[in-house]
Structure formats: C-alpha cells, structure tokens
Amino acid sequence: MRRKLVSCIVAITMCAGLVLSGCGNTKSETKSDSKDTATKTEAKAEELHVAIAANPPSLDPPTVNSNIVGGIGAHVYESLFAMNENYEPTPVLAESYEVSDDGMVYTIKLRQGVKFHNGKEMKADDVVASMNRWLENSAKANTLIGGSVFEKADDYTVTLKVNQASSDIIMILAGPIQFAAIYPSEVVEAATAEGISEYIGTGPYKVAEWKQDQYVKLERYEDYQASENASSGLAGKKNAVTDVIYFDVVTDAATRIAGVQSGQYDVAEEIPLDNYAELADNSAVKLNVEPGGTINLFLNTTEGIMANEKVRQAALASLNCEEILLAIYGNEDLYQVNAGWCNPTDAQWGTDAGKEYYNQKDTEKAKKLLEEAGYNNEKIVLVTTPDYPEMYNATLVVQEQLKQAGFNAEVEQYDFSTFMEHRADPKQFSMFITSNSYNMLPIQLSVLDKGWAGLDRQEVTDGITAIRSAASEEEAAKAWEDLQTFLYEYGAATVLGHYTGVVATGANVEGMEYLRFQIYWNTSVSE
Amino acid sequence: MLSYIFKRILSLIPVMFVVSCVAFLIVYMIPGGPATALLGMEATTEQINALNAELGFDRPFLVQYADWIVNVLHGDWGDSYFLHQSVLAAIGEYFPPTLSLAVLAQVFSLVLSIPLGIIAAYKRGTAVDVAAVTASLVGTALPGFLLSMFLMLFFSVSHHWFPVAGYAGLEQGIGEHLKYLFVPALSLGIVQAAYITRMTRSSLLDVLYKSFIHTARAKGLKERKVILVYGLKNAAPVILTAVGQSFGSLITGTIVTETLFNIPGIGMLTISAINRRDVFVIQGVVLFVTLLYVLVNLAVDILYGIVDPRLQPGRK
C-alpha cells in the first residue's frame, strides 16, 4: 500500500514538473514579445552584451595567439595595416607606404592627428616601440620576418628594414592573429613578461573595465579618428554604433544559449553545433554560420614507428573523413570535405592539391602498407583533450578507423595544458588532432612550424622560400600547391575537413560582421 | 571552553602545513604551466620554456616550496599571473559572491527543510511523511547541474523573472544582488534541504519517543511546545551538525553552480586558476578553502556546547 502511495506521489510530482515547465514555455513567447522588447528598447540600445566562451588570458594581442584576445583587441587597438573584407591589406594607422627598389626597406607614412585613448597623439616613437615588440613577441611575426627592424625617420614616418625581400611583407603586417597593435611607447616600455598592464589603443572603443572572469566593458572613444575609407572588414571607417559593449564571460555553452534566448545576451559566441538544429527553429534567434578553419591530423614524422613513411601513408589511407566530420558536427551544413589547408574560397591559396591522399577510405591499402612497412603491432598513441570536444570526438573516430586497418591505436586524453605539452614533444605522441583557424598566408600554418609537430624537412623550408620569393601571385600559388602536395605525399599531416563556427544573436541585432573575428563596431540592437 | 578553542586553533597548524605541502606538490606535479595558458595554443616550446624560466618555474621543487612557504608566513601569498593582483586580494574579491550565495542557499535550505523535517517526523507514517521522504530522496539523488538547468529554464528563459547568469555586488543594491543570486541559491538550497530534512526528521524521531517527551505530554503541555521546545532542542546537535556540514560544503563546493550561473566566486576562481595553471592562486585557494572548512567545523563544535551544555568539551 505504502509502495503504491510513493509511486503515485513520484508520478504526480513529475507530471507537475512537466506541466509547470510546459506552461512556462507557452507563456514566455507572448510575454517576451511584449514586455521585454519595451525594456530592451531603452536599455539595449546603449549596450551590447556579447557572451564569450572564455576569460581572455590577457588584452595584449601581439603576444597571444587567441581568438578571444584578438576579437576584443580589434575593437580597442589598431595596427598600421589591416585586412579589408576582400582579405587585402589596407592602411589603417598608416597613410601610405613605399618600398625601395631592392625590396629591403619599407617607408611608412603615418596618419596625423590620431589620438590614443589617453589623449596623447600617436607618433613614430609609439609605432617603432610597438612594432619592434611585436616582431620580438609574436611567434608568427618572428617566424616570418624575424630580424627585421622598425626605425623612426621623423615624427610621422617610420621605416622597416627587412632581412629578406618578400612580396608578402604588408600582408604579414596586416595579419589579424597576434596582430601588430600600436600602443603608446610608455605602455610598451612598462610591459613585463606577462604582457602590458595598461590597455590603451587608438580604436573606436576603449577599455572601461575588465572584471576578471566576469566581463570586459568597452566604451565608445569619443575622440576616435575614423579612417575616411568605407567600412570594410577590419579596415576603413569604424562607427561605434553602440555606446557600450560588454564581453560577458560565460563559459558554459548551455548558459550562453539560455542567455540569448532570454534576451540577456544579444550575441552568444561559440554555439555548440549540437544545438544548431534546435536554435534554427527558434524565431527569436538568428544564427550566423562563419567559415572557421580546418580540423587536422598531425602525424609524428620524427620518432618511433610513425617515422616510417609507409606507416604514415597507411594511416592516411585508412581515414574516412566524411564519417569523422559527420560524427563531430552532426550536420552536413556545418562542415566541408576538402583537402585544402587554406580557405577553399581563397582565390590565391585555396587548392586541393594532394587530394589523392585525402579521404581515401581504403582499409585494404592501409593493411598492405602496414605489412610492407613491417609494422609489428607497435602502440600508436593518439593524444587529445576533452576540453575541445571536436578534437576529442574526431580522435575517437580516427582511433576506430585506424584499428580497423590493423593499427594498435590508443587514445591518451589530458587537460588542455598537458595536451599542449605532449603535442609539442614528438616523444610523447604518435598522432594528434587540433582545429586551427584559417591563416591569411599558408606560410603561417602551424603544420609548417617544426615546433608544432616536429616536421623538419628541407622541402618545407624550400617551399616557404619559393612562396615568399615568387615573382607573381600565380607563381606563389603554384609553389604553395607543391608544398601542400608534399605534406600529403610525405604523410606529415592531413586536413580532415573544414569547420564552421556558429554565433547566435537576438533577432533584433543588426550590422554584425565577420573577418576572422566577430566585428561589433557597426552592430546595433534595433528598437 | 576557551582552552578547547585555543587547542583547536593550535591543531590547525600541522593541518595547514600538510595541506600546504600537498597543494604545492600537486601543482608542481601537474604538467603544463601558466606560460602555456599565457602564450596560447600555437606557442612554440622555446617560448613556453623561456617564459617558465622567467617566472622561476624551472627551479628545484624544494627551492620553490621554501620560497613560497616563507612568503606565505610573511603574509605574501604570491601574485596571480592573470588577474594582475595578489592572491590575497583575488581571494578577497572572489569570496564575497561565494559567501552571499552560500548564505542565501542556506536560508532557502533551512526554510524548506526544518518545517518539512518536523512535519514529517510528527506525521510519521502518513502520506505527508512519505511525500517529504520521497522529495528529500529525489533532491539528494538529482544532479545539482540538472536542477540548476531546470530552474534556469523555468525562472529565466521561460518567465524572464530572473537573469540567466551573472552577478551584481552588494554595492549595486540588495535587490539587484539578490536578483542574480536567487536562482543559483535556490538550486543549491534545494539540494541541501533534501539532506537537512532527512537529518531533522530522523533526529526528531529519536527524541520524540524518549520518556521526557511522554512526561511533558502527560503534564498537559501543548503539542506545539512539546515538539518545538523539548523535541527540537534535544534534536538540535544532530541538526546543527547537518547544517554545519551543509554550510561547509556550500562555501567550498559551489564550483558547478558558479560556473553555470557565471558567478565570480571562489569556485569559479579555482576552476579558472587550474585551467590556466595560475599556480599561486591554486595554492592560495586550497589553503584558504581548507582553513575555511576547518573553521566552520570549529564553529559547529563550539555551537554544540552552547546549544547543549552536556556536549561541552571536557565535561563528563
């Protein structure tokens, strides 16, 4: 009797819960439409709340390779050049530039009257201090034009002396990742190993407050000297349409989604792809799908059994990239099967050269190659981190495909920091998967950096030189095709596919753009 | 009583010393360092090693430990690499939200659990008792994050009564402060209430069948007075233990709730510090949380003696 009563009460409680939540949903649609829009009109017109997925480790873009740092930093700091919407380097704080006949000296004229957020005018001393620090601290800059030097010519002119003539120098200066932010010289001088401590730039917004783990609050900079050119990508006119932008740190994806649905956040970045279909049906939310980059498998070319090229080729032969991508993203709209390491839509660098080694789905070929290589069931270690679900899920599928081809594949999972240590040490991995954002130039790809996965081949050095010293864009593109083909032939790494990022906004958010980062200076919340 | 308190405080020294060793050792042993987090995903090994050396993490373990412990004893718990402030300042900043959340959650839990426990004990075996026991079992078994999500959907997404996440300090007004804390505190409170309800019910049941209760009833005292004064007072030590444990766990274990609701408390600080290998913060938080837990327990022990003098230390 008592048992019956307990069951009865449990059933009633559950039903009540369901009814209660069901009622909530129905009511919310009407209520949010009427009451909330009214309050939003007053409050949200002046503030834009962007839910970001992680606390920025710093607000010093030149030293940190992080989309969150770059994304916030792009609103605060500016560089001499930046990419426009066609991915062309365009002057921002520079006014014009000239190159010497031998291509070794760049003379860059600065825009006059540009003021930092502390009221001081930007002059050559600030540019020289900032750019030389950038050359020293930005891994990408250091790799590409390390040893180059900026010098002051006069208050509004600087020179850049490069070590090697190359057609991509201005492109490198305009790169959005670890971008060359210009700070006042005194901020640069006061910087420590941990970065700058005053966040002063020339951008359309200034840092009003940074509450760690809570938010970064940006306010419109009233004395901002906008460029005369039309707004385009990260260059041109930047209208700080909304007075205040809050980058709210919301690490939990479910909370970001709930926040954009409830209207607390106007924008929610990094929406898990699992939620794509559900949110696509919600008329109160708009979804922006942006091309993100590639998800890649890196193979150990220097240590253990994987140093054998046939074993690496066996691994490539065994992969079914469609299966891997579908398992990660669950929706064909959210990925692209393509062998290229660069954005396939990039007219110069988008190529599928080497595609015969990509997505082979040939288990028999893999088994044969393993036999030829004398593979004796040695352990193949795939290191990964569950902190990045797409990397982790891809690793599990790849492990299964490798096992089917006869590999003794094991997955070792670590937290992100530990994973990074294993990734950088060829003694501690056989393979690993990471997702990497698109680079403006193929020579900036991590796969070509020997510190990334240990790939150290003359062909890579020669390929980079060929790209950089090419006489024309076509010649440079051909050199990159050859280098990409080499990566596949040598079995150094493979692209698994191209991913997209999903950003959700309220239906009343307008003007948001994207170029490597979400751009909010033209973004408003309509009334 | 005073000497007991003094002895208990003295006994904290070896506890804290052991905890400091363990905390330091764990942080030393886990791979990765703040340099990895500071420099980002694509930093080279050379850059990471250089920054680690600059920060002093390439020195021998004992040298690092000795430096740290001497500094801690001098009141310098080190600086955070990410927060641009000292560890003590960071704890001072992150603790108030946790304390507010814990206090409010405890209020919710007491308001729910004590009456429910009393009624369940008084109405033992009836439908009310079964309902209370079932509810407390469900509350205990329900994963906290699931309950949090349910409450968030109901109160914030569906009805817009409270914000989904975030925090407003007391300086922004008590109303604003409570607005942000209500839902997370309620979810924590419900889970704690489940535990305290069971403890209240069982301890009260023990007491209600004692002879002095029968005597009180025989003397014609009103039932309300018998239960609330005689019953509850004698059941208080057990309930107090439960509340003490509950408060201890609330103040030191709100990591999931703080992360979910984006409340910048000690839980969030701990998780962030671990993720970014902010070593001095991790060590500082471990020391602080241990100290807090031990002090809450000490406070409960002292309260025992006040509530029931028979339980005073040293008393036979």
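Two reminders to myself. This is a predicted model, where local features need pLDDT of at least 70 and side-chain atom pairs count only at pLDDT 80 or more, while totals for chains, interfaces and linings use all residues. Residues are numbered from 1 along each chain as its sequence is written, chains are lettered from A and ligands numbered from 1 in the order in which they are written, and side-chain values use heavy atoms, with hydrogens and water left out.

Next, aromatic pairs. I count rings of Phe, Tyr and Trp (its six-membered ring) as a pair if their centres lie within 6.5 Å; planes under 30 degrees apart are stacked, over 60 edge-to-face, and the rest tilted. My search of the whole structure found 28 such pairs over all chains. One is Tyr97(A) with Tyr106(A), stacked at 6.4 Å centre to centre and 25° between the planes. Is Tyr106(A) buried or exposed? Tyr106(A) is buried, at 6% relative accessibility, whereas Tyr97(A) is partly exposed at 37%. Then I checked Phe154(B) and Phe155(B): their centres are 5.2 Å apart and their planes at 85°, so I wrote down edge-to-face. Both of these Phe residues are buried.

I also noted one aromatic cluster, with Phe298(A), Trp341(A), Phe419(A), Phe429(A), Phe432(A) and Trp452(A) in it.

Methods
Buried means under 20% relative accessible area, exposed over 50%, partly exposed in between (1.4 Å probe, protein chains only).
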